Amino acid sequence: RLAALSALGQTSDPELLDDALAFTLTDDVRRQDSHIIVVAVSGNPHGGEKVWAWFKNNYDTLFSRYSVSTRHMGNLVEYSAKHFIGADRAEEVEQFFADKAIATYSRSVEQTIETIRANTKWFETDREDVKQWLA
């Protein structure tokens, strides 16, 4: 069952990725298993932006389902945005959560923003070296 849920996020078809994310909010997926699809889509090169858009568009539903679970809501925050690079993306995430009741998962929000900033710094510092190494 878990492998099948993870497989839903492995496609390169944008529509199927959207369908997989939508599926997480149905009664066909156990709440404790829904993160498996989100992780799979988030790790997909075609899925990172989709997860963030899905998270923002469904925030109220996600919050009502998972806000009592610090771990689950925090994980959703991380899976949705930790892959970003750019000061503007860190600011976008920060602004999104600015007016949200994040007390139970504030640490995850802070760590996600910190990860984006660290990724940005690494990218800016080592981009040329990595490019040359891969060439």
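**Entry 1: the whole chain.** I began by noting that I am working with a predicted model. Counting the elements, I found eight helices and zero strands in the chain, and the radius of gyration came to 16 Å, close to the 14 Å that the globule rule gives for 135 residues, so the chain is as compact as a globular protein of that length. Along the principal axes, the C-alpha atoms fill a box of roughly 50 × 35 × 20 Å.

Entry 2: Among contacts with a separation of 6 or more, 69% are between residues 24 or more positions apart. I also noted 15 positive and 21 negative side chains, whose two centres lie 4 Å apart.

**Entry 3: helix H4.** Turning to H4, which covers residues 48–57, I found Gly-48, Val-51, Trp-52, Trp-54 and Phe-55 buried. These residues lie on the same side of H4, because they cover an arc of only 165° around the axis.

**Entry 4: Phe-55.** Leaving out residues up to four places away in sequence, I listed its contacts as Leu-62, Met-73, Leu-76, Val-77, Ser-80, Phe-96 and Phe-97. Finally, I checked Tyr-79, which is 24 residues from Phe-55 along the chain, and found their C-alpha atoms separated by 9.5 Å.

Terms used. Residues are numbered from 1 along each chain as its sequence is written. This is a predicted model: local features need pLDDT of at least 70, side-chain atom pairs count only at pLDDT 80 or more; totals for chains, interfaces and linings use all residues. Side-chain values use heavy atoms; hydrogens and water are left out. Buried means under 20% relative accessible area, exposed over 50%, partly exposed in between (1.4 Å probe, protein chains only). Helices (H or I, at least four residues) and strands (E, at least two) are DSSP runs, numbered from the N terminus. The arc is that of the directions from the helix axis to the C-beta atoms. Contact means heavy atoms within 4.5 Å. The radius of gyration is taken over C-alpha atoms; the globule rule is 2.2 Å times the number of residues to the power 0.38. Lys and Arg count as positive and Asp and Glu as negative; His and the chain ends are not counted. The place of a charge is taken as NZ of Lys, CZ of Arg, CG of Asp or CD of Glu.
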